[in-house]
Amino acid sequence: MSDFETAHQCEDADRVLLQVPYAGELAPLILSRFEADIPCSELGPSNLLTKLNNLLDTSYTLETPGIHLLLSECINNCYDFGTTYARLRNYWGNSSILSLQDFTTLSQTLAEFEARDTEIRAKAQAGNTIVNPWRVPPRRLWDLFAHRVIPGSIAIGLGPPMYWPISHSWTDDMVGLDTPVNGHEWPVPIPTGVTLESVRNELLNLGAEYVWLDILCLRQRSGDPAKEALRAKEWAIDVPTIGNMYQHPSAAQRVQYCNGFGRAFSTEGWDGPRHWLNRAWTLQEISRDAVIGGVTLKHPDPMQARRSDGDCVSTLAEVMRPLNEILTSREDEVGTLYLFELLTEMKRRAATGTIDKIAGLSYLLRLKSMPAYYETSGVESAWALLVDQMSELTRSLLLFLFPCAGDADRKWMPSWKQIEQMDLLQLRGRWSFFGERVESGHGKAYYRGPFIPKCLIRGLNVPLSDMSSSQEDDSDINPPRFGEVVVEDSAGEGHTQRVWARHGYLIPDGYYTIVGNMEVESLVVCELHATHEKFLKKVSVIQTGEGLEGFGILRRNPHIFV
């Protein structure tokens with residue numbers, strides 16, 4: 001075999017199989033990109049009507065009530081044929097919309113769909129909080145038949161059709177493409193060597209009709225100041241709810257490009273910062289039933305393909321399985337049950353900015369409300385706002401289990417810097433799931449539970465390495481450091497109970513306030529605030545086999561942590 005033939009075979013093996021023109025039974029309904037680009041003003045009402053009738057198998061005339069006015073509006077709005085086709089094709093022959101073939105009210109109906117979408121978004125956002133994130137629909141969709149991006153409210157205004165959400169990782173060589181597909185609203189970032197037409201072909205061959213794709217449906221950066229202001233406004237609600245685009249009732253089959261949008265699937269580079277497996281935003285886009293895009297002869301079944309670098313053993317399915325089990329769980333409190341797993345996975349992933357990792361957690365934690373997204377926000381302030389939106393149970397984990405005081409403004413919770421620095425997985429399994437709730441507001445944590453107002457803690461100011469070997473348990477990856485809590489009763493008699501710490505933060509011998517709960521072993525060690533005696537300042541956490549019941553403390557009191 002010649003070198004030319006060998007190279008040709010290799011090229012065929014790496015070619016994306018479905019990126020060829022669609023030739024299925026729906027092909028007569030699909031516009032070529034040249035046909036979509038024709039300005040309606042060049043066609044005029046008569047020719048425009050003829051083309052729509054031919055495509056949609058109808059026989060309307062310019063005398064049909066309302067049709068001349070409707071088509072004139074399309075011309076006056078400077079639509080091209082693709083935009084007109086995308087906006088009208090679902091309603092053109094729909095008897096529930098066109099009563100007695102009367103187009104008089106169709107423009108009004110489409111305007112009402114868009115107004116309803118605007119109302120949904122307005123009600124979903126209250127200041128800096130998204131209060132109804134799970135109801136936010138896609139703002140835009142890519143109509144593959146028309147090869148145009150249109151308002152999502154028009155595409156799914158009647159319910160079906162369903163849309164396909166596309167998940168992909170951004171590459172280092174994205175270039176801005178000025179295209180009529182999105183009405184030239186912004187330069188569409190696309191990897192070098194990939195075209196929208198080739199990906200459109202692949203998605204059509206897979207069976208898609210409408211698609212949600214971030215580079216087309218989420219407003220991207222542009223050099224126009226007015227459009228940049230609009231982007232910031234849209235992003236406030238659209239970015240935190242990206243995950244919802246993959247779980248919305250109208251979302252159908254998910255498509256996943258592992259090596260960049262439109263690019264062939266490869267078994268190389270799985271550890272790279274730009275691979276789909278390692279991006280912050282793709283974590284919320286995981287789906288058990290995703291179709292892998294970019295399939296080639298070389299890798300006809302990507303989920304079973306083994307990586308060709310690294311361990312050369314793991315398949316894509318095996319790598320994704322642990323996260324699939326967590327992220328597709330139907331547990332309402334998945335954000336609480338798997339908090340430390342989700343934080344650990346997110347912080348290892350790559351992102352343009354840390355603020356993106358925090359924003360991506362909103363959906364993963366299944367928050368009932370979410371912070372709005374502002375890319376200029378400080379990392380710690382964004383993290384604090386996210387914690388404020390967490391469930392009361394999830395906040396309990398941060399208060400009762402995180403082993404030291406926060407090093408930012410709030411001492412009761414860890415800073416994001418501390419989250420990034422600590423091995424969070426060692427905190428798993430430290431308690432049984434319980435019903436304790438920690439409220440949050442004005443930067444403080446509010447909790448009602450049992451406490452010891454004053455007790456002596458001693459023996460936990462010594463590093464584990466300095467303790468006697470009798471205290472160590474070599475079988476435990478986090479062996480405890482043992483100490484004592486001494487509590488005086490009303491008669492002045494001291495009662496001692498053994499406690500321990502499974503962390504390396506030292507607690508100087510001295511007097512503290514301890515706050516606990518009725519069921520869980522973890523206790524919060526606190527100091528009184530220097531200027532507000534009603535406020536508690538977290539120092540660390542300790543554990544005891546009996547909680548505060550061992551001290552006979554049963555009464556609950558309200559506590560405020562700074």
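This is a predicted model: local features need pLDDT of at least 70, side-chain atom pairs count only at pLDDT 80 or more; totals for chains, interfaces and linings use all residues.
**Cysteines**

C526 has a relative accessible area of 0% and is buried. C258 counts as buried too, at 2% relative accessibility.

**Aromatic pairs**

How many aromatic pairs does the structure hold? I noted 13. I looked up Y60 and F103, which pair edge-to-face, with 4.8 Å centre to centre and 85° between the planes. Y60 is in the loop between helix 3 (40–56) and helix 4 (67–76), while F103 is in the loop between helix 5 (81–88) and helix 6 (106–124), so the pair ties together parts 43 residues apart in sequence. Y60 counts as buried at 10% relative accessibility, and F103 counts as buried at 1%.

I then turned to F482 and W500, an edge-to-face pair with 6.1 Å between centres and 70° between planes. F482 belongs to strand 15 (residues 481–488) and W500 to strand 16 (residues 494–501); the two residues are 18 apart, and the pair links distant parts of the chain.

Y60 and F103 form one aromatic cluster together with W92.

**Charges over rings**

I looked for charged ends placed over rings and noted two cases. The charged end of R498 sits over the ring of F482, 4.0 Å from the ring centre. F482 is thus a residue I had already listed, as the partner of W500 in an edge-to-face pair. The charged end of R89 sits over the ring of Y85, at 5.9 Å from the centre of that ring.

**Nonpolar cores**

Which residues touch the most other members of the largest nonpolar core? I found W142, L203, L216, W383 and F561, in a core of 129 residues. Leaving out residues up to four places away in sequence, L203 touches W142, L144, I166, A208, V211, V255 and Y257. Another core, of 15 residues, lies apart from the largest one, and its members include V499, Y512, I514 and V539. As background, I noted that nonpolar side chains in soluble globular proteins tend to be buried together.

**H248**

Is H248 buried or exposed? I have H248 down as buried, because its relative accessibility is 12% and the limit is under 20%. H248 lies in the loop between helix 11 (242–245) and strand 9 (255–257). With residues up to four places away in sequence not counted, H248 touches V136, P137, P138 and Y163.

I ended with an open sheet of three strands, ordered 1-2-11, with antiparallel pairing. Strand 1 (125–126) and strand 11 (370–371) are at the edges with a single partner strand each, so one side of each has no neighbour in the sheet. I looked up the pairing of strand 2 (residues 129–130) with strand 11, which is antiparallel and runs over two bridges. In that pairing, T129 stands opposite P371 of strand 11.

Terms used. Residues are numbered from 1 along each chain as its sequence is written. Side-chain values use heavy atoms; hydrogens and water are left out. Two strands pair if DSSP finds at least two bridges between them. Helices (H or I, at least four residues) and strands (E, at least two) are DSSP runs, numbered from the N terminus. Buried means under 20% relative accessible area, exposed over 50%, partly exposed in between (1.4 Å probe, protein chains only). Contact means heavy atoms within 4.5 Å. Rings of Phe, Tyr and Trp (its six-membered ring) pair if their centres lie within 6.5 Å; planes under 30 degrees apart count as stacked, over 60 as edge-to-face and the rest as tilted. A charge sits over a ring if NZ of Lys or CZ of Arg is within 6 Å of the ring centre and within 35 degrees of the ring normal. A nonpolar core is a set of buried Ala, Val, Leu, Ile, Met, Phe, Trp, Tyr and Cys residues joined through side-chain atoms within 4.5 Å.
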